[in-house]
Amino acid sequence: VTIQDIQNEIIDEFAMFEDWEERYQYMIDLGKSLPLIDDQYKTDDNLIKGCQSKVWVHAEMNDNKVHFTADSDAIITKGIVAILIRAFSDQHPKDILDANTDFIDEIGLKEHLSPTRANGLVSMVKQLKMYAIAYQTQLS
């Protein structure tokens with residue numbers, strides 16, 4: 001399944017909800033199903049810089065695909081990172097680097113977040129792409 005396919009699924013899922021109250025609830029539910037980061041990776045090195053709440057992301061590569069796990073101490077943020085991980089986990093580093101993130105705007109996420117959360121979202125995307133750069137470099 002391509003990143004674009006997954007992003008389209010996410011767009012379709014968010015379109016099913018009438019209002020942002022329901023979408024926030026859905027994000028919270030997504031956060032609960034997040035593949036949790038192992039406690040040993042909850043370190044300062046894995047903290048996303050630029051997030052108001054604490055968000056840890058860990059990446060490892062298996063069979064030339066990057067696998068992400070994450071956690072956050074805030075329920076909405078956990079939902080946001082769950083959406084990103086769903087879109088980008090278990091994909092080839094080059095595909096992650098080439099992928100656009102327009103789906104974030106299409107589901108209206110940025111405009112419904114506080115400025116600090118929106119900045120955190122941008123930081124999360126940057127961090128996932130940084131991991132992809134690192135792994136792509138290893139492959140080259």
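The chain contains six helices and two strands, where helices (H or I, at least four residues) and strands (E, at least two) are DSSP runs numbered from the N terminus. The model is predicted, so that local features need pLDDT of at least 70 and side-chain atom pairs count only at pLDDT 80 or more, while totals for chains, interfaces and linings use all residues. Residues are numbered from 1 along each chain as its sequence is written, and side-chain values use heavy atoms, with hydrogens and water left out. In sequence order the elements follow the pattern α-α-β-β-α-α-α-α.

The overall dimensions were computed from the C-alpha atoms. Along the principal axes, these atoms fill a box of roughly 45 × 30 × 25 Å. The radius of gyration of the chain is 14 Å, which agrees with the value near 14 Å for a compact globule of 140 residues; the radius is taken over C-alpha atoms, and the globule rule is 2.2 Å times the number of residues to the power 0.38. Of the 140 residues in the chain, 49% are buried. Here buried means under 20% relative accessible area, exposed means over 50%, and partly exposed lies in between (1.4 Å probe, protein chains only). The chain has an accessible surface of about 7,500 Å², and carbon and sulfur atoms account for 48% of this surface. These areas come from the Shrake-Rupley method with a 1.4 Å probe, and for residues only the protein chains shown count as cover. Contact is defined as heavy atoms within 4.5 Å. Among contacts between residues at least 6 apart in sequence, 64% join residues at least 24 apart.

Two packed helices are described by the angle between their axes and the distance between the axes. The axes are lines fitted to C-alpha atoms, for helices over the stretch in contact, and angles run from 0 to 180 degrees between N-to-C directions. Helix α1 (residues 3-15) packs against helix α2 (residues 20-32) at an angle of about 130°, and the two axes are 10 Å apart. The pair α1 and α2 is therefore oblique; angles under 35 degrees count as roughly parallel, over 145 as roughly antiparallel, 65 to 115 as roughly perpendicular and the rest as oblique. In this contact, E13, F14 and A15 of α1 meet W20, R23, Y26 and M27 of α2. The residues of the α1 and α2 contact comprise five nonpolar, no polar and two charged. For this division, Ala, Val, Leu, Ile, Met, Phe, Trp, Tyr, Cys and Pro count as nonpolar, Asp, Glu, Lys and Arg as charged, and the others, Gly among them, as polar.

Helix α1 also packs against helix α3 (residues 75-88), with axes that come within 8 Å and cross at roughly 145°. On the α1 side, the residues are I3, I6, Q7, E9, I10, E13 and F14, and they meet I83, R86, A87 and F88 in α3. By class, this contact has seven nonpolar, one polar and three charged residues.

Several aspartates were examined individually. D19 is located in the loop between α1 and α2 and is partly exposed, at 35% relative accessibility. D63 is placed in the loop between β1 (55-62) and β2 (65-72), has a positive phi of about 50° although it is not a glycine, and is exposed, with a relative accessible area of 77%. D90, in the loop between α3 and α4 (93-98), has a positive phi of about 60° and is likewise not a glycine. The relative accessible area of D90 is 41%, and D90 is partly exposed. D95 lies in helix α4 and counts as partly exposed at 40% relative accessibility. Although D95 and I3 are 92 residues apart along the chain, their C-alpha atoms are separated by 7.5 Å.

Beyond residues up to four places away in sequence, Q136 touches H92, P93, K94 and L97. Y135, also placed in helix α6, is buried at 13% relative accessibility. With neighbours within four places in sequence left aside, Y135 is in contact with A59, E60, M61, V66 and P93. The C-alpha atoms of Y135 and R117, 18 residues apart along the chain, are 27 Å from each other.
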